[in-house]
Structures are given as C-alpha cells and as structure tokens.
Amino acid sequence: MDYFKQLFRNISAVLKAMSPGQAVVLVAVIAGLIVGIAVVGNWVKTVNYSILYSNLEPAEAGEIVSQLTEQKVPYKLEDGGTTILVPSGDVYKTRITLASEGIPRSGNIGYSIFDKSNLGMTEFLQNLNFRRALEGELTRTIMQLADVQAARVHIVMPKDRLFKADKQEATASIVLKLRTPGGLSKSQLAGITHLVACSVEGLKPQNISIIDYNGELLSSQTGSDPLAGMSASQLDVRKNVEQYLEKKAQSMLDGVIGQGKSIVRVTAELDFQQMEKTSEIYDPNSAVVRSEEKTEETKTSSDKGEDSSETRDDNKVETAVTNYEINKTVEHIINSVGNIKRLSVAVLVDGIYRRADAAGGGAAEPAYEPRSQEEINRIAALVRNAVGFDNQRNDQIEVVNLAFDRTSMEFEQQKIDQVIQQEFYYDIGKKVLLVILAVLAFLYLRKMLKKFFGSLGRILPPALPTRSGQGIGSYEGMPGEEQNAVPPIVPENRRPRLIDQMQAAAKGRPEEIAKVIKTMMIE
C-alpha cells in the first residue's frame, strides 16, 4: 500500500515539475496512442467493398445473390438491389467464377472509370476512351487468374448502320501469356470467353479468339465446322485425337529445328458407327457321333405236322439309331467406336536465318534462306512416324517451307513484357514504400516510447528487497545491524534546461539577444 502511495506522490511531483509545453506533449502522445490503437483495430475489422456488377435486372441480381450465398462470399446491395458489392480482394475471382457459370446473362459489368467527366470531349474521344477503359478492365480481370501471367484484350466495335443488312458484328481477340503451357482448362477458357462476350454489347462468343504468347490458338469460332452436327462427345473425341497427334509431332519438331519454327495441324476422320454382329458357322466335313441307340427283338413262330408234333423257329430283329453332330461356330462381334479412318497432316516449316556482316563492319539483318528439299523430306518422314501414317487408309501429309511473319507477334510480346515489367516495378515500389513507412513509424514510436519510459523511470520508486513476512518499503538487515527505513524519493524541481541556456546566453551576449527579439517583432 505504501508502494502505491509513493508511486502516486512521484507522479504528482513529476507532473508539477513539467512545463505547460511538456504537459501538452505528454497528453498528445497518450491521446495519439489511444486513437492509433482504436484506428488500427477498426481498420483490421473493416472490410472494403468494391462493385461487382451494376445496373442489374431484379431477376439477374437474385440469381447472382444466390450464387454468392452458395459460394459463401459476403456481399452488399446498393441502388435498390441493382448494384452488388463484394470484398475488394474477391472482385476479379468472383467475376471469373460467375462467368464460367454463364452469369450474368446481360453482362452489365460496372466500373467507375468516367467519374471525372470532360465537357469539351468529342464523341469520338468518348467512344475511344470507353473502349480503352473496357479493354483495361477486362485485362485486369483476366490477369487475376492464377495461370495467367499477363494479358491483352482487343475489342472491335463496329459503327452503327442505318440498314440491318449493313450491320457488322463486334469481334474481340485476347492474347495470354500463361505461366505454364496449357495451364488453362476448357472451363476457364469458356469463362473468359463468356466474360468478354457479356461485357461488350453485341459481341457473340463465337466471335472471340484467344491465343497464347506463342501464337497458339486456344479458342476459336466453331460455327463453320463441318462436324457441328455431331454430338459434343464425338467432337471432343476428335479434338482430343487431333491435339494428341499434333502435340507428338510438334514436340519432336521443336527438338529438331527449334521452338516456334514449325506449325503442325492434324485433321482426323473418325468412325463413330457402332456395329454388332452375330454369326453361326457350320462345318459339314466334321460330322461326329453325338449318340447311338441299339434295340434287339426276338420273334418265335410254330408249325403242326401230320403226327401232331409242334415245330418252333426263332427270328431276331436288331434296330440301331445313330445321331451325328456337325461342328458349329458362333461369333458375337462388336466393333470399337472412334477408329481413325483417315488422317490429313499439314506442316508449315520456317526457313533458316543467317546473319551476314554489313559493309560497315556491323551486324546486318538476318537473311532468310529456304530449307533444302532433302531436309523437307526428312521432316516429312519424321512426322509420318510420329502420327502413325498409314497408306492403306489413304492418309495425306503436306510439308511446306515458308517464311514466318512475326512482326505483329513480336509487337504483342513487347507490349506484354512491358505490362509485366510495369507490374514488377509497381510491386517493388509499393514494397519499398511500405518498408520506408514502417521504418519511419518505428523510429517515431521509438522516440516517443523512449521519452515515455524515461519519464516513467523517474516516477516509479526503486524496487526494495523483501523477505518473507516483511512489507514493501522496509527490509531487515543482517544480525547486529540497525534496521533503517528507506527514505522516500522526492524529485527536485528543476527548471527546463532550455530556459537555463537562454538565460546564460542573454547574460553573456545581450546585444545579440536584443537583435533577435527585434527581428522577431519586425516579422
């Protein structure tokens, strides 16, 4: 009890010794700590929401809310239920997930890119900015996929026509740089296609093309495919067979002539007719005895003579029945479905680029040189063996040597690399800024805490040694020594060091102090 009384007296003495400025600083520090703790606690508990979709129909909003409830995604409703908000970190992931399910139907994706309007902007610039903003939003959404490293979206929106016959449909193309080859599944490609189609007015899914970083076609329109009438399972079987054979031949050519130097396309005609046949075959030359039955019968006859004597005569009748069996073969045949009826293979091979020295001694542009016919024949033989070429099926193969035009692809690659580099620098800058802010906050808190604990050390009385049965504030000395009570610690009142320095300066250099005061008064 005495300890706490002494602590209270020390606190009162320190507070009395403080100047008004020091008291204000102490109160500000304590209030700042309390407010900071409250703000941090509130910030940790607060969830920032962003717009998922806006301008929705009531039925469509209800369908989206049902999906969000099923997926356990928190949401908020605004604008009378026509706008749905979800946590900011789940916006793009939720859009892709809902798009794979074909939601929303109308595709009114909301974003606030035109919050700052410009009254002097022409209609052409407004349409151009709208298209650019839409492409940017779709690009950021697609890049949220784990398997997508970078993406670019190009949208072509035709002008309005007076006559319906002259109206053209909107088209779109998407270039993706995947983290791993073939990293996107069919459902993800369908989700991206539906997302873009629902985001652009008048854009149909069949008018969207998706290619990867190396120019490989991932998705294209299938309306003109002659197998459009086939069932989905049969079409999938055909595509799987073609992709399997293409991959075998392409991987082999990439190892021989280099990656990106060849393109392989395979068209497979499959037999989906299912036949079931049962036949019985008899062999007349292989008759064997199956069973045999013999029957014997004895008949007795008698004659009378003149002397009335009787004569007997016995007759034996033997009957045999033999059954023969002819060999019979029964066959029940069901042929397999999906056999390859015919293969058509097309191979496009790039030439050889050789560097020649320029006239000035520098390196000139690479010169294209076609491959020899002997090399083309060897490539054709390798592809035949890779795809299982069969002359009896009337398979066909064509190998053509042409120069590849990579101008547009190199431009897209440069743009995608710039996007990746910008994202990389942005992440580094954000991390460096966070580190700097953390260091500054640490230094500031360290300074404040140092002052606080320094003041606390002057307030708290020193710890006193105690023994069992002794109270705080007294101790029992060694035998023969006198027990003395510890005198209370009362801090002496001292004027601030700054005031002492100012008084010493005023006494030693009064003229300079007068000049300073005069200058302050003038200002």
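Axes are lines fitted to C-alpha atoms, for helices over the stretch in contact, and angles run from 0 to 180 degrees between N-to-C directions; contact means heavy atoms within 4.5 Å. Helices (H or I, at least four residues) and strands (E, at least two) are DSSP runs, numbered from the N terminus. The model is a predicted one, in which local features need pLDDT of at least 70 and side-chain atom pairs count only at pLDDT 80 or more, while totals for chains, interfaces and linings use all residues. Residues are numbered from 1 along each chain as its sequence is written, and side-chain values use heavy atoms, with hydrogens and water left out.

With these conventions, helix 5 lies across strand 4 and strand 5 and runs at about 155° to strand 4, whereas helix 6 lies across strand 5, strand 6 and strand 7, at about 130° to strand 6. These four strands form an open sheet in the order 4-5-6-7 with mixed pairing, where two strands count as paired if DSSP finds at least two bridges between them. Strand 4 and strand 7 (217-219) are the edges, each pairing on one side only, and neighbouring strands are turned by 25° against each other on average, direction ignored.

| Strands | Bridges | Direction | Bridge partners |
|---|---|---|---|
| strand 4 and strand 5 | eight | antiparallel | Ile155 and Ala172 |
| strand 8 (262-271) and strand 11 (339-349) | 10 | antiparallel | Leu270 and Ile340 |
| strand 11 and strand 14 (396-401) | six | parallel | Leu348 and Val400 |

A nonpolar core is a set of buried Ala, Val, Leu, Ile, Met, Phe, Trp, Tyr and Cys residues joined through side-chain atoms within 4.5 Å, buried meaning under 20% relative accessible area with a 1.4 Å probe and protein chains only. The largest such core has 26 residues, of which Ile142, Ile174, Leu176, Ile192 and Val196 touch the most other members. Among the elements giving two or more residues to this core are helix 5 (123-142), strand 5 (170-178) and helix 6 (186-199). A second, separate core of 20 residues includes Val266, Ala268, Leu270 and Val349. Leaving aside neighbours within four places in sequence, Ile174 is in contact with residues including Ile142, Ile192, Val196 and Ile208.

Two charges also sit over rings, by the criterion that NZ of Lys or CZ of Arg is within 6 Å of the ring centre and within 35 degrees of the ring normal. Lys177 lies over the face of Tyr213, at 4.5 Å from the ring centre, and the charged end of Arg384 sits over the ring of Phe389, 5.6 Å from its centre.

Key: Buried < 20%, exposed > 50% of the residue type's maximum accessible area, 1.4 Å probe, protein only.
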